[in-house]
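This report walks through the fold of one protein chain. Keep the structure open while reading.

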Amino acid sequence: MSAISILNPKAEFARAQQALAINVSAAKGISEIMKSNLGPKGTMKMLVSGAGDIKITKDGNVLLHEMQIQHPTASLIAKASTAHDDVVGDGTTSIVLLIGETMKSAEPIISEGCHPRVVTDGLVVAKEEALKVLESIKIPVSLDRSFLIDVAKTALRTKVHQALADHLATICTDAVLNIYDKENKSIDLHMIEIMDMQHRNELDSGLVRGLVMDHGGRHPDMPTSLTNCYILTCNVSLEFEKTEVNAGFFYSSSEKREALLASEREFIDQRVQKIIELKKQVCPAGSDKNFVVINQKGIDPLSLDALAKEGILGLRRAKRRNMERLSLACGGMAMNSVEDLTPDCLGYAGNVYEHVLGENKFTYVEDCKNPKSVTILLKGPTKYGMVQMKDAIRDGLRALSNSIQDGFVVPGAGAFELSVHKALEKLPMDARSVLGVKLFSKAILCIPKILVSNSGHDTQALINRALYSKDGEGVVGLDLENGDLFNPVTAGIYDIYAAKRQLIDASVVVVTNLLLTDEIMRAGLSSLK
Amino acid sequence: MGQPGEIITFQVGNYANFVGAHFFNLQDPHLNPEHETDFCHRVFWREGQNFQRQKILTPRVLMFDLKDNWGNAFIRNSNDVSEPGIQPGTFAKSNQPVKQNRVDQVEKNISWDGKVQTVVLRNDSSDSDEDLDPLPGTHKSANAGKKKVKLGPSDFSSWGEYAKWRLHNADKAAFRIPNYMYNAGSEELVSYGQGLDVYNKIQENVEDGIRHYAEDCDHLEGFHMLVDEYDGFTGIAGGILEHLGDEYDKKACLGLGLNHPFPDNEKWSKRRTLKEYKIRISNTAQLWGSFTNHSRVFSSLGVTEDIFSMNPSSKKFTSVVQDCTSPYISSAILAAALDSLSSPYRLHSPSFPLHEMTSVLNAFGHKMTIIGSSTPFPMGQQTLFSALNKDGFSSLNCLTPNVSLDLDTALGNVFVTRGINQDHVMSKSECREYKHADINSVTSCLELFCQESYPRSVHVIKNLSNSFKMRYPFPKLYDDVYLDTHSTKKQFTNPQVPCWFLPALTTAHNTPGTSKILERLISTIGGGTGGSAMKLKTFYEPSSATCNSSVVEFEDFADCVTELCSLKDTYSAE
């Protein structure tokens, strides 16, 4: 009987072997699920929600978030592996698989009576060595476009099919290169807007060097296509709004009320007039220049009418986020009042036009001089496909921004894992850590093995060739296309440095914690239901 | 004043969707075409096109409910459908095996022994009045033309089954809240903190949905906010209200907290523990706190006797024959009141837009208002004049729990009457008797009565000629005799579907009596001058334990109670 039941007779508990068995079975279970999804040749999973919504994905992060994991250990593993996804954006599945494999191999050793501490100490030694290998094989990143496209391709091919992945990789790379701040060496991914448009084909997706907004002019006489435009972004109400404070009580007569309303109206008209004056100043009659107003607040029909008469395109209720992006894409600044409008506040775009799709209008602001904010326009015939693409783009962008900021990438296609195995096999070690190191060295091979088996080649043959034959010397990767060995660097397959570091760190930490658990008890306050 | 302004409605929570489903059913533009009524549908409905380029009207609403409560409702958008005005409810369960024995049982009980024929869906909007609802209380199904019959309130356990409208773009306007991340067992959103946490996750989409509607409006007038007051949806509402306060500060926002009487079943019995009670009360407090901060006027509605008791049971209405603990029935009573109250600002040329109504009701900073309703207004064969003389406003039911309609002390009253015939104001003999009184209309009759009975208050009286139409799928709340006595007209759009035209009176009051309910709330959770931080903590802790406590910190909670205290003080200042 466990001591806890003396303290709390209601406690549920599992001890020693039983506790280990629970943890191992959870880790094995979750890695069994994710196994088939690893790598560019992995299969997909279809998630059906209670309401019947469908999501098809092989992104480990998405899977772990959407599956209802109830087992406490499994959910811990899921949380640990997705924790860094927001930053790293890749490698979630690998972490889960490595944890599962290490746990699986540790179980017989501990069952034979070895103290878990011995195993975990060895794991720490193995981790240090693995990180040394990582440092030795990393490759510095250049800001070369084709190199970055290769990095993005590697990340994207594990999420969507190859043709689409290659297309999206180019888009992601161009987007990131556009917004890369060379002075501060920083990348703000928020400055890349992702818009979806249910239209045509996935491969029609593209990068707009400017902005696309999901609304258009609301007046029939407004121009739908303009070139050589000044852009005024503002947050000024051009809408007739009623006075609010207890108006109902205090009008003494209906004339007074009318007068008050008229003066309100006039107030709005004056604002519109100020904008029109500015337009006349910067676009003198006869010039080929045009004027666009993009307002965060409302513009009512009378104001729209006044603008339309001057040939100004007015957009109302722009997204707050877009206001910031607009001034980055077109230049100029967002104005909060019409009092001090000067031509300096205006941005510029070579081309502004409206695209109508059924009921929806889209306004493109393109050909900006030096856009610091761009839009990725995703197109596709189905909704679930677009969700897939959105998740993939998100990871692709993160992969790029991480590798630029790390300054390094790692040869992909299993090369890193194979090198770690080789290094660990050769590592001179003391007797105490030998169990852990051997265990980890065996476990890390699971990733190249699964990569090969997912692509339908002979696992043993290829892995043994990579490890023990002459072809396998130096840094080699697995050519999943032909079931052969190749140099990942010449093939242009790179993994993210941060993701690999994370793989080693996170898995060893989680495994250590799980192995050292000798008792699981549910003895907290009764749950809230 | 010109055009009426558009209003965006939020339905946050399961019960709010029940009320909203009735509310929009009552306004159904296909049953109340604009040339027959004075109503301008543009206020609550958005004009759009389906794929056939036909004009369709869909409600301008953003809805939030748990994933499981949707059933199959609104999986399809309005523009996927070839016919305008098709009933979404008919799709509600068509993909699921309908409980066959229940259908059989219902089929036996139909008092219709004629031939039952297959019903083809309407294909032309012009004859929409004729072939809707082939049988009283039946529901036609599009399922392979096979007839499925639904009857009675117990059948409508989900709002999707009777909502006759659908959304234009369900992707932007319908938010299915996944629940597993919090309470895998109970499948519910429990506390304000959880709600706020969920809101933070969906914030971007919600804001985009609001913006999408707002961008479409020429004169955005304001917002209607229907919120479940007892569960975690309060937190979602809190998040939305804050956004509205930031972005749409000049627009009027009418907040309505809704309460559901707890039925005697297992699902609700677990809500009767002390812990659940404390969470519920703190949810209410936090919702009211954010209403106080960000809405123009708010009220609490519910056919509940006492929302501060462990077991909020349903109020007794003398004439209602249905079981008020059913959400389908109780929500209908609230929706009827809301329908009448909102009617003055739904007119083509509104003399009393939302922002004016709110400014009457929130004068002196009295942000909380009391709403009363009498549908039908029981005049029987009497004239309005004699009915008022005899019973006054005694037929008004107060729909705000825990307070009484204290008209004697009220500062400002809004009365909305509808469907009272001009001829029924005064009889000829009464005219002769009270010749000096200048009564020539419903408005002047009420005005005189109010001035004489309650001389201290300001009265705003709006009369509309359109009656309240009680017709399926609105539940038949009263028995036939009662309805026939008080209705002005009974019409059959089809030989079997009766539609009663009822006179109605709905009121909203700016009254010091409101402080009672606020005081009750504050003393219950231990705030205010006599309260203690210890007691306040006992309400904060169970609620914060359900979620990441950093979402709502104790200071926030205490601030919100302080906010309510100062709201209460505005009432006692006079």
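## Helices on a sheet

Helix 9 (residues 162–179) of chain A lies across strand 5, strand 6 and strand 14 of chain A. Helix 9 of chain A runs at about 165 degrees to strand 14 of chain A. Helix 14 (residues 383–406) of chain A also packs on the sheet, touching strand 5 and strand 14 of chain A. The direction of helix 14 makes about 145 degrees with that of strand 14 of chain A. Helices (H or I, at least four residues) and strands (E, at least two) are DSSP runs, numbered from the N terminus. Residues are in contact if their C-beta atoms, placed from the backbone, lie within 7 Å. Axes are lines fitted to C-alpha atoms, for helices over the stretch in contact, and angles run from 0 to 180 degrees between N-to-C directions.

This is a predicted model: local features need pLDDT of at least 70, side-chain atom pairs count only at pLDDT 80 or more, and totals for chains, interfaces and linings use all residues. Residues are numbered from 1 along each chain as its sequence is written, while chains are lettered from A and ligands numbered from 1 in the order in which they are written.

## The sheet itself

The sheet is open, with 3 strands in the order 5-14-6 (chain A) and mixed pairing. Two strands pair if DSSP finds at least two bridges between them. Strand 5 (192–198) and strand 6 (206–208) of chain A stand at the edges, each with a single partner strand, so one side of each has no neighbour in the sheet. From one strand to the next, the twist averages 30 degrees.

Strand 5 of chain A runs parallel to strand 14 (residues 374–380) of chain A, and 7 bridges join them. In strand 14 of chain A, A:V374 is the bridge partner of A:I192.

## A helix pair

Helix 4 (residues 72–82) and helix 20 (residues 497–515) of chain A pack at about 155 degrees, with their axes 10 Å apart. Helix 4 and helix 20 of chain A are therefore roughly antiparallel (angles over 145 degrees). On the helix 4 side of chain A, the contact is made by A:T73, A:I77, A:A80 and A:S81. Helix 20 of chain A contributes A:A506, A:V510 and A:L514.

## The whole chain

Chain A has 20 helices and 19 strands. Its radius of gyration (taken over C-alpha atoms) is 30 Å, well over the 24 Å that the globule rule (2.2 Å times the number of residues to the power 0.38) gives for 529 residues, so chain A is more spread out than a compact globule. The C-alpha atoms of chain A fill a box of roughly 95 × 65 × 40 Å, taken along the principal axes.

Terms used:
Two residues are in contact if their C-beta atoms, placed from the backbone, lie within 7 Å. Angles under 35 degrees count as roughly parallel, over 145 as roughly antiparallel, 65 to 115 as roughly perpendicular and the rest as oblique.
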